[in-house]
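Thanks for coming. Please look at the model first.

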Amino acid sequence: MKAKKYTWLILRIIVLILILGFLLFPILWVLMTSFKNNMEAYQFPPSFWPKEFTIQSYIDLYKKNNEFFIYYRNNFIVAGATAALSCVIAIFGGYALSRFHFRWNMFILAIFTSAQMFPVISRLISLYKIMKDVSLLNTRTGLIWALTASILPFSIMLMSSFFDAVPKAIEESAQIDGAGRFGTLFKVVMPLVKPGILAVGIYSFLITWDDYLHSTTLIQTDGLRTLSAGVALRYLGELSYDWSLINTISIVGTVPMIFLFFFFQRYMISGLVAGAVKG
């Protein structure tokens, strides 16, 4: 029995290593290509390890192609503001859906669910017209509001599930002690749903960080573009690419996401599991 048990354990470890290698191989390829010169990056058949290891692309990114850091800064501003705004609205929206039940609740949930069914590009024409009418076209504020609107349906439903997991008896006890509705929400309920708030914030940040369609549609000024749109429009040419530079940009642009998962994945996973269990 022990031999059979160890055999299954070894097989599972091998399978996990193969899956991990399959998932990490594209990232390793991008990393290795960033240390090649552009001629070697175009070489066929391609080589995995750089024949001439160089960090010239990283130096050029800092000295010659530093427009990248403008897009980088814009990405942080837009992603951070969208995540913060989404969290604030999702808290109030999720709490309302969880605690105030009326006959339109299911209809509202159906609308939120159906909003996730349509692709982003299907609403960009009308969104462009709305932003132009309210003078928010080609502004960071307009882009932040547009991204927040696209993220909110899922964020509100997610926060609602976390509030559902908090027993109503806790709120009733606080109200008996003299706490008002807002006092109960901010002082009693919100500390219990901190993992949910963190999960919504990370989700919003990740979705915004990788956004391309909203930025290319709503922003025309190069200095206001976010990372995905800026890199695509400035560094990807029609006839030839500097693959070494592009892979360097990809690595540098991925670093914040790696740190985000490294420091917060434990809290995000525990938060998602807690929100899925009703008390």
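Start with Ile197, which, leaving aside neighbours within four places in sequence, is in contact with Cys87, Ile91, Met159 and Met190; contact means heavy atoms within 4.5 Å. Before going on: this is a predicted model, where local features need pLDDT of at least 70 and side-chain atom pairs count only at pLDDT 80 or more, while totals for chains, interfaces and linings use all residues. Residues are numbered from 1 along each chain as its sequence is written, and side-chain values use heavy atoms, without hydrogens and water.

Ile197 is also among the residues with the most contacts inside the largest nonpolar core, together with Met159, Phe163 and Val193. That core has 20 residues. A nonpolar core is a set of buried Ala, Val, Leu, Ile, Met, Phe, Trp, Tyr and Cys residues joined through side-chain atoms within 4.5 Å, and buried means under 20% relative accessible area, with a 1.4 Å probe and protein chains only. Which helix gives the largest share of this core? Helix 7 does, with six residues.

Now the packing. Helix 7 (residues 140–164) and helix 10 (residues 194–209) pack at about 155 degrees, axes 10 Å apart. Helices are DSSP runs of H or I, at least four residues, numbered from the N terminus. Axes are lines fitted to C-alpha atoms over the stretch in contact, and angles run from 0 to 180 degrees between N-to-C directions. The two helices are therefore roughly antiparallel, the word for angles over 145 degrees. Their contact includes Met159 of helix 7 and Ile197 of helix 10.

Last, Thr184 lies in helix 9 (residues 181–189). Thr184 counts as buried because its relative accessibility is 0%.

Note on methods. Angles under 35 degrees count as roughly parallel, over 145 as roughly antiparallel, 65 to 115 as roughly perpendicular and the rest as oblique. Buried means under 20% relative accessible area, exposed over 50%, partly exposed in between (1.4 Å probe, protein chains only).
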